Amino acid sequence: MDFENENREEYQENFYLSENTGDRLTLTLDDLTRKYIKWIALYLKVLGILTIIGGVIYTIFIIGIPLIFIGMKLFKSGDYLTQTLISKNEEDFKKFFEEGGKFVKYYVIYFIFSFVIVTLLFLFILTIGLLSS
């Protein structure tokens with residue numbers, strides 16, 4: 001599709017009138033797309049393993065325990081994406097999004113919680129420093 005020569009309303013109209021109406025979506029994967037999917041799956045698995053390792057290291061500070069579970073979700077997401085290419089099973093593709101969605105949700109919660117804890121710790125140390133001088 002040439003987006004430069006079409007205005008946005010025509011594109012949206014054409015998109016919604018396409019063959020993919022309803023709850024079904026048909027994907028055709030060419031070789032390049034398969035290559036990118038393999039790289040994304042590998043990246044998710046490696047990042048999941050590194051997150052688990054980081055969680056084990058940070059377990060000393062208690063804050064690392066959730067990282068282990070977050071890394072497991074990320075790894076599973078990559079695993080389901082790999083399985084989708086191998087089996088061409090729709091359920092594996094759905095599980096990829098399910099596990100990826102859980103990863104994002106848990107990571108946002110972890111990030112907010114960590115930010116609050118670090119901010120409170122900083123304020124506590126700052127208060128002790130000001131009171132001692």
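Helices (H or I, at least four residues) and strands (E, at least two) are DSSP runs, numbered from the N terminus. This is a predicted model, in which local features need pLDDT of at least 70, side-chain atom pairs count only at pLDDT 80 or more, and totals for chains, interfaces and linings use all residues. Residues are numbered from 1 along each chain as its sequence is written, and side-chain values use heavy atoms, with hydrogens and water left out.

View 1. Along the sequence, the pattern reads α-α-α-α. Of the 133 residues, 20% are buried. Buried means under 20% relative accessible area, exposed means over 50%, and partly exposed lies in between (1.4 Å probe, protein chains only). A contact means heavy atoms within 4.5 Å. Among the contacts with a separation of 6 or more, 51% come from residues 24 or more positions apart.

**View 2. Helix α2 packs with helix α3.** Two packed helices are described by the angle between their axes and the distance between the axes. Axes are lines fitted to C-alpha atoms, for helices over the stretch in contact, and angles run from 0 to 180 degrees between N-to-C directions. Helix α2 spans residues 31-58, and helix α3 spans residues 65-87. Their angle is about 160 degrees, and their axes are 7 Å apart. So α2 is roughly antiparallel to α3. (Angles under 35 degrees count as roughly parallel, over 145 as roughly antiparallel, 65 to 115 as roughly perpendicular and the rest as oblique.) The crossing of α2 and α3 is left-handed. A crossing is left-handed if the near helix is turned anticlockwise from the far one by less than a right angle, and right-handed if clockwise. The contact of α2 with α3 has 18 nonpolar, eight polar and four charged residues. (Ala, Val, Leu, Ile, Met, Phe, Trp, Tyr, Cys and Pro count as nonpolar, Asp, Glu, Lys and Arg as charged, and the others, Gly among them, as polar.)

**View 3. Helix α3 also packs with helix α4.** Here the angle is about 160 degrees, with the axes 8 Å apart. Therefore α3 is roughly antiparallel to α4. The crossing of α3 and α4 is left-handed. Residues in the contact include L74, S77, Y80 and L81 of α3 and F93, F96, F103 and Y107 of α4. By class, twelve are nonpolar, five polar and six charged.

**View 4. F96 lies in helix α4.** F96 is buried, at 14% relative accessible area. Leaving aside residues up to four places away in sequence, F96 touches L44, S77, Y80 and L81. T84 is twelve residues from F96 in sequence, and their C-alpha atoms are 8.4 Å apart.

**View 5. The structure holds five aromatic pairs.** Rings of Phe, Tyr and Trp (its six-membered ring) pair if their centres lie within 6.5 Å; planes under 30 degrees apart count as stacked, over 60 as edge-to-face and the rest as tilted. One of the pairs is F93 with F96, which is stacked: the centres are 6.2 Å apart, with 20 degrees between the planes. F93 and F96 are three residues apart in α4 (residues 90-132), so about one helical turn separates them. F93 is partly exposed, at 26%. F93, F96 and F97 form one aromatic cluster.

**View 6. Y107 and Y110 both lie in helix α4.** They are three residues apart, about one turn of the helix. Their ring centres are 6.4 Å apart and their planes are at 40 degrees, so the pair is tilted. Y107 is partly exposed, at 39% relative accessible area. Y110 is buried, at 13%.
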